[in-house]
Amino acid sequence: MSVTVTPDPFTLVDFDAAAIADIAGRVWQQVGLPDVPLQVEVDETTPLGRAWVLQADPPVIKVESGGLEHNHKPRQFDPDNAAELFGRLLFRLKDRLDPAFGDPPSDDDLSLELSAAWDAYAMGRVERLGYKSQRPRRLYQFRVRHGFSDAADAAFNHLWSADSLTWADIEKTSAEALAALTT
Amino acid sequence: MRKSFPAEDLARDERFVRVPLTARMADARQVPREATGKRRNGGRLTPDRPDSPEAARVLMHGIFTGEIQALEGAGRTCWDFNVENTAKRKGADDDASSSDAPEVPFALKLDMARQCWDEARHTEISIKLGEHMGTEIGEFAEATFLYEAACNPDPVLRLTGVNRALEGLAIDVFNTMREFGDVSGDPVLEFCEDWMLADEVTHVKMGSDWLRRLTEKDPERRERALEFQRVVDRLFSLGGFRGEEEDSPIRLARRFRELAGFDTTEIDELAGDALAARQEAEEMIRQNRQAAAAATAGQ
Amino acid sequence: MADPKRPRAPFAPWDRRELPGIFSVEESARRVGNYKWIEMRLFEVLGGWVATVPELDVKMRLGTHCYHHAWHAELWHKRLPELREMNPDRLTLPPNDELVAFVDAMTEPEAPELTIEKLVGAYRVLIPHKIAAYTYHLNNTSTITDAPTIRSLKFILQDEFDDWRDGEMLLQSLIDSPEDVERAAAHQAKLEKLMLAAGGIVGPGTLGHADGSGNHSGASPQEATT
């Protein structure tokens, strides 16, 4: 499958478009997505690290350069961080493309709680692919959105260990965790 | 052991990676200041920021490395200076660097030893908070500019730089984290940051008290110390990262600074310096981008 | 109900404290001045070493212990005027040049790979010698006339034992080869010889004299209290 990365070349960071494409393509195949062209747009003007699915069909991913950056080497590409980021996004993309999954809102319209819940579901699968997943980090992100409670931790564990959830399942799990905050 | 210990020699295990401030300053990228729909990142650390858990984690790791450096700085102050009226140490007479070391009151060293303990405790707390937030030791790079402020050979300037400027920054940062813990419902973060905040107020008071006592009869030295503090404060504004603007990730903690002994004039000056630092940083980024564009055009 | 006016013995039957102690006011002040001096040297070097050790757990422990010994120095600083020494700095000194040589040797290691040497100096040589000297003082001074010193000694000894244990456990966790054992032993032997030459942290007589006397003048305990 082909992966197009822009910009090419980079001017504000020391990234190599081909290296990014290589990792994105490898993770794409491991996630089990169909053989269609992928476009990756990197915003190198900001050091922040947000990444989201801009559109599902044809697939376009938008990444702020900090998301691909090495934690220890400013403006340098980190393949491990990149693989983790692409794994998370591509599992979400795979969910979107699955008719049985349901009809989630666009990434821009997702609530922070549901985005965190969906990330937990995606990252558990990334971990099972053998990539760095930093489960305690993801648990903290989930807790910030759903509260620091036993119910939230149980919801996170359920999402992390699951393999075939629907969007409705994710919504329900998130809502159950949030409900514990008001009781 | 030397009576002065440079930042480049700070001992670390292999997990720690140091990045000089100059490497960060060469960055031509910029955090966007304008909100763009629901997905604005950057700005004040509040839970409604999409990246707030990550931003809190990165900040916490920065606090952790900062606490290590504060601990090291306080420890060095215990060693680097001699105590006034100390009996001759014949073994050290041949060591010119030792006998030439500036002298400080015994009580000042006691305060620094107390600060050493406090910073050791803060390091412990920061490690535990890092675990709580899912951060690994050394996950992010370390910058040593905090310790470098603690290297001044004049004890008055050192205390002013560390206990008023650096600890003042700590007050701002801990207050931000405490508020974040409160609003995000994180009882552990809020609890720990509040305890550390209490200690920092003590440290700033130590700096204020010793500045006054040691320069009572030397107004010129006092002025130099306050000027050094302003330089350090400006550096610690980190290009607008700390300020009073709505989108400053770290807000000046006016109330706690007042508790610690800063007066309104000082705080206002700091706010002004922080804004100036931000404007300078934005200009530097603009220049870096021009340089990058020129380099690309030349290829 | 007991009659409040009925006379009671001023010392309860379980209060076995005695008047005699082998240290005069002057001897106590001399020792306390030496104690303050060595506590200062110790807290200074522990603080200085923090930046030089790469091991994070050691770094933090040194910072905590630095305060313990600074606090001990402060306790001794406050005790001196109570022992008729109105200028505490006058008696804040080493007992002899040999102890200065010991301190110089103990504080000399700086390189990051010398954590074992640093800890050996503090926790296998100096602190055990302090524990010995403090215990000797505690057991021999008057439990009535020198109660303030005893109170400080008890607090200080609690810290010393805790710090000794911390340091020893850190050392045992760091020493993981026969070469490390030899390094530690060699440095300990070197420092012990210097301490021997000094006669202890208050000089000769730190733990009493061979003839069983403990005070500086060599008088018996009863003579010392009259």
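## Two contact surfaces in a predicted model

In this predicted model, 34 residues of chain C are in contact with 32 residues of chain B, where two residues count as in contact if their C-beta atoms, placed from the backbone, lie within 7 Å. On the side of chain C that touches chain B, helix H1 (25–50), helix H2 (56–82) and helix H4 (97–107) of chain C each supply at least two residues, and the largest share, 10 residues, comes from H2(C). Helices (H or I, at least four residues) and strands (E, at least two) are DSSP runs, numbered from the N terminus.

Residues are numbered from 1 along each chain as its sequence is written, while chains are lettered from A and ligands numbered from 1 in the order in which they are written. Because the model is predicted, local features need pLDDT of at least 70 and side-chain atom pairs count only at pLDDT 80 or more, whereas totals for chains, interfaces and linings use all residues.

Chain A holds six helices and four strands, which follow one another along the sequence in the pattern β-α-β-β-β-α-α-α-α-α. With 183 residues, a compact globule would have a radius of gyration near 16 Å, and the 16 Å of chain A agrees with this; the radius is taken over C-alpha atoms, and the globule rule is 2.2 Å times the number of residues to the power 0.38. Of the 183 residues in chain A, 40% are buried, a term that requires 20 or more other C-beta atoms within 10 Å of the residue's own, with C-beta atoms placed from the backbone.

Chain A is divided into domain 1 (3–97) and domain 2 (107–182), with bounds that come from an automatic or database domain assignment. The contact between them takes 10 residues from domain 1 of chain A and 11 residues from domain 2 of chain A. On the domain 1 side, strand E3 (51–55) and helix H2 (79–97) of chain A each supply at least two residues, and the largest share, seven residues, comes from H2(A).

How values were computed. Buried ≥ 20, exposed ≤ 12 C-beta atoms within 10 Å, placed from the backbone.
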